[in-house]
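Trainee: I have the model open. Can we go through strand pairing and packing, one question at a time?

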Amino acid sequence: MTRQQARVLPDGRRLHLNDGPIDLVIGAEGGAAEVAGAYAAAQARFATVLDELCAELLLLRREVGQQPLGSVARRMWRATLPLARHGFITPMAAVAGSVAEEVLQAMSDAAPLARAFVNNGGDIALHLAEGQSYEAGLVDRPDRPSLFSTARVTFGDRVRGIATSGWRGRSFSLGIADAVTVLAARASEADAAATLIANAVDLPGHAAVTRVPAADLQPDSDLGNRPVTRAVGPLAQEEIAAALQAGVACAQTMRAGGRIIAAALHLAGQTRTLGRIDARSESQEVPRLRRGDLP
């Protein structure tokens with residue numbers, strides 16, 4: 001039985017690839033032959049990604065240090081190593097963005113494309129030729145998405161990766177952010193940075209925040225017994241502001257160091273942004289940054 005699944009989505013344009021926990025939605029624009037070649041390259045590269053990661057999983061779940069061997073694993077390591085000074089982090093913090101980045105690289109190496117993207121559960125790697133742009137809608141809660149803004153990326157921008165993290169998302173978080181979206185030069189870097197900034201949006205020891213050791217929920221979690229957020233009760237406006245400011249301070253340090261380009265932080269209806277985030281009306285039809293909802 002074939003483990004990997006591949007199909008063209010009903011719109012006839014996007015490719016869906018799935019292998020266990022990895023779920024990609026891929027789009028490419030260019031000549032018909034070039035797009036077909038890029039999609040074939042994406043499938044070929046994707047076929048072994050999960051096995052390669054599993055082969056080094058014990059190392060990837062440890063605090064970032066020793067360099068791994070695999071191509072995707074090295075992307076994870078390179079993205080997380082410079083961020084270790086900001087807090088506890090393992091290469092797994094960049095896994096989704098790194099997989100997206102790796103598959104996109106295979107596509108762009110295989111054929112000249114005008115525009116392409118690989119979305120791995122909301123973490124997006126981008127390829128843009130000259131004159132091309134990409135717009136992604138930003139949401140303030142992944143579990144109950146409502147569009148609050150869009151990020152427009154052009155060929156001349158350095159942004160080629162977008163990622164979102166927070167306690168309401170797919171992965172565990174040490175903080176209380178509903179969502180933190182980061183724009184960076186690479187998807188792997190955006191993924192790692194979003195994780196740490198979301199962790200920094202916090203009110204340590206607050207009675208309204210329910211936390212559980214990560215290992216109680218997932219015995220093999222890379223977070224071990226570190227307490228992860230499971231619920232956030234009512235907070236005073238000044239408490240929300242204080243938690244967001246802690247995250248903004250972390251993001252500002254990363255931006256000053258060239259690790260990220262822009263970020264949007266959300267908690268309990270309040271938003272803080274730094275860098276260029278293009279505000280748009282919620283009535284506009286733009287793609288939302290969430291799983292499986294792409295241009």
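Trainee: Which residue in S4 is the bridge partner of Val25?

Mentor: This is a predicted model. S3 covers residues 22-29, and S4 covers residues 115-120. The two strands pair antiparallel over six bridges. Across from Val25, the bridge partner in S4 is Asn119.

Trainee: How many bridges join S2 to S3?

Mentor: S2 spans residues 15-19 and runs antiparallel to S3. Leu17 stands opposite Leu24 there. The number of bridges joining S2 to S3 is five.

Trainee: Which residue takes a positive phi in the hairpin of S2 and S3?

Mentor: Two residues lie between the strands of this hairpin. The phi in question is near 60 degrees. The residue is Gly20.

Trainee: How many residues of S3 are buried?

Mentor: Buried means under 20% relative accessible area. S3 has eight residues and is mostly covered. The buried count is seven.

Trainee: Which Phe is in contact with Ile26?

Mentor: Leave aside neighbours within four places in sequence. The contacts of Ile26 then include Leu15, Leu17, Tyr39, Met107 and Val118.

How values were computed. Residues numbered from 1 in each chain as written. Predicted model: local features only at pLDDT ≥ 70, side-chain atom pairs only at ≥ 80, totals over all residues. Heavy atoms only, no water. Contact = heavy atoms within 4.5 Å. Buried < 20%, exposed > 50% of the residue type's maximum accessible area, 1.4 Å probe, protein only. Helix = DSSP H or I, 4+ residues; strand = E, 2+ residues; numbered from the N terminus. Pairing = 2+ DSSP bridges.
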